[in-house]
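These are my notebook entries on one protein structure. I wrote down what I looked up, entry by entry.

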Amino acid sequence: MYWQSEFEVLPRPELEKLQIQRLKKTIDIAGHSPFYSDVFKKEKISSSSVNSLEDLKKIPFTTKDDLRNNYPYGLVAGDLKSGVRLHSSSGTTGNPTVIFHSQHDLDSWANLVARCLYMVGLRDTDVFQNSSGYGMFTGGLGFQYGAERLGALTVPAAAGNSKRQIKLIMDFGTTAVHAIPSYASRLAEVFSNMGIDPAKETKLKTLIIGAEPHTEAQRQRIENLLSVKAYNSFGMSEMNGPGVAFECTYQNGLHLWEDAFIMEIIDPDTLEPLPDGEVGELVLTTLDRELMPLLRYRTRDLTRILPGDCPCGRTHRRIDRLKGRSDDMFIVKGVNIFPLQIEKILLNHKELSNNYLIIIETIGNNDELTIEVELGEMFTDDYSVLQQLTKNITHELRDEILVTPRLKLVEKGSLPQSEGKAVRVNDLRSKN
């Protein structure tokens with residue numbers, strides 16, 4: 001079943017024809033912004049010079065620095081009188097990145113999120129609880145308006161206060177929850193502490209997760225703890241927010257909605273395109289945004305286009321779960337390491353909890369990697385057992401990341417807990 005069948009199952013030739021039509025319109029609109037007006041004049045670009053998806057390469061990449069350097073209105077292409085909302089990053093290290101939306105843009109965004117929710121089985125009979133923060137963060141209002149567009153009863157719980165979240169779930173018969181993975185794990189812990197079995201005492205069946213990288217092992221653990229099916233969501237504020245790509249019920253990659261975005265995968269070093277199946281940086285172009293379109297935006301997210309068709313029948317291509325971000329990568333002893341490589345190993349051990357912290361520091365003239373991870377609630381305090389477990393996991397980590405870390409098994413609850421996005425890496429080298 002499809003919520004917007006006129007788009008979701010378009011044959012590829014028709015979908016690409018629609019992309020080119022919308023790309024030409026987007027170029028015409030973007031040319032009214034001060035930023036793109038200068039770019040187009042310099043590169044001699046107009047909608048008439050872009051007649052195929054291959055011609056997209058004529059347009060230079062847009063970066064986060066472009067948004068910051070042209071803050072606040074330099075990329076606004078329409079009349080601000082038509083603007084009805086903006087969303088912004090925190091801007092703690094300089095100008096924030098700000099995206100402006102017209103009513104058309106918000107309607108298009110709501111449709112995409114509703115399409116995602118419908119794809120995983122949600123209907124107007126569901127009760128949808130959103131544990132994201134509202135305000136500048138797009139996960140709150142993005143899912144709120146999408147769930148309302150679908151016709152579900154919405155519970156705008158916002159972030160935090162886990163016991164209150166659980167009370168709302170039980171009182172209103174919540175069937176679907178949106179939460180970031182680390183907070184979903186936290187909810188499972190609070191359920192356990194309260195002596196509540198989600199499988200028997202709630203109506204939960206669906207969990208939407210996203211906003212922070214997570215492994216398949218973490219997803220499966222969350223599904224088991226909460227007795228739900230957990231579906232991966234991808235979005236970013238520069239591309240609206242949630243609703244850019246989403247898993248279907250087959251859970252074999254995220255369909256990226258190609259009627260609203262053109263995607264490219266490039267080598268982040270050479271900036272050259274990569275073939276389907278190879279991991280690189282995701283680049284996105286908006287196709288249905290009027291007030292502030294973005295062309296060839298470098299997301300810094302690392303993924304790949306999954307070859308082949310999906311059994312669900314949707315023709316929009318799928319991206320793999322994110323490997324990480326090119327700017328999440330850290331280098332220790334000349335080796336490129338991503339936090340998800342470490343998480344994958346840790347979550348294979350049931351003796352450990354989900355909470356861990358990666359610490360990088362310079363000792364003497366050498367960079368040293370320390371990984372602190374909490375033990376599970378029911379695990380033994382037998383020293384010899386803990387010593388052997390530490391040794392085994394250290395060997396597995398060394399085989400995966402090619403660097404031998406110092407592994408510290410710590411008591412449950414001793415590491416910082418966050419009901420927002422989890423902080424996994426503390427690089428002390430940059431603070432010296």
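**Entry 1: a pair in a helix**

In which helix do R12 and E16 both lie, and how many residues apart are they? I found both in helix 2 (residues 12–30), four residues apart, which is about one turn of the helix. Helices here are DSSP runs of H or I with at least four residues, strands are runs of E with at least two, and both are numbered from the N terminus.

Before going on I noted what I was looking at: this is a predicted model, where local features need pLDDT of at least 70, side-chain atom pairs count only at pLDDT 80 or more, and totals for chains, interfaces and linings use all residues. Residues are numbered from 1 along each chain as its sequence is written, and side-chain values use heavy atoms, with hydrogens and water left out.

**Entry 2: salt bridges**

Side chains of opposite charge can pair when their charged atoms come close. I used the rule that a salt bridge is a side-chain nitrogen of Lys or Arg within 4 Å of a carboxyl oxygen of Asp or Glu. That rule gives a count of 24 salt bridges.

R12 and E16 form one of them, with the closest N and O atoms 3.6 Å apart. I then looked up accessibility (buried is under 20% relative accessible area, exposed is over 50%, partly exposed is in between, with a 1.4 Å probe and protein chains only). R12 has 24% and is partly exposed. E16 has 33% and is also partly exposed. I also noted that R12, E16, E258 and R317 are linked in a network of salt bridges.

Next I looked at R298 and E281, whose side chains meet in a salt bridge at 2.7 Å, N to O. R298 is in strand 12 (residues 297–303) and E281 is in strand 11 (residues 280–286), so this pair ties together parts that are 17 residues apart in sequence. Both R298 and E281 are buried.

K333 sits in the loop between strand 16 (330–332) and strand 17 (335–337), while E368 is in strand 19 (residues 366–375), 35 residues away. E368 is partly exposed, at 23% relative accessibility.

**Entry 3: strands**

Strands of a sheet pair through backbone hydrogen bonds, either parallel or antiparallel. I counted two strands as paired if DSSP finds at least two bridges between them.

How do strand 18 and strand 19 run, parallel or antiparallel? They run antiparallel, joined by nine bridges. At I363, the bridge partner in strand 19 is N366. Strand 18 is also joined to strand 21 (residues 425–427) by three bridges, and these two run parallel. I360 has D427 as its bridge partner in strand 21. Nine of the twelve residues of strand 18 are buried, so the strand is largely enclosed by the rest of the structure.

I then traced an open sheet of nine strands, in the order 4-3-5-6-7-8-9-14-13, with mixed pairing. Strand 4 (153–155) and strand 13 (305–306) are at the edges with a single partner strand each, so one side of each has no neighbour in the sheet. Within this order, strand 3 (residues 127–130) and strand 5 (residues 176–178) run parallel and are joined by three bridges.

**Entry 4: a pocket**

I looked up the second largest pocket, which holds about 600 Å³ of space. On a 1 Å grid over the protein atoms alone, a pocket is an open set of points where a 1.4 Å probe fits, with protein on both sides within 12 Å along at least five of seven lines, and lining residues have an atom within 4 Å of a point. Its volume is the space filled by probe spheres set on the points, which are joined across faces, edges and corners.

The lining has 23 residues, and R221, L225, K350, L352 and N354 lie nearest the centre. Helix 8 (181–193), helix 10 (216–226) and strand 18 (352–363) each supply at least two lining residues. Helix 8 gives the most, with six.

Most residues other than glycine have a negative phi, and most peptide bonds are trans. The peptide bond from Y71 to P72 is cis, with omega near 0°. P72 is in the loop between helix 4 (64–69) and strand 1 (83–88). K44 is not a glycine, yet has a positive phi of about 55°. K44 is exposed, at 73% relative accessible area.
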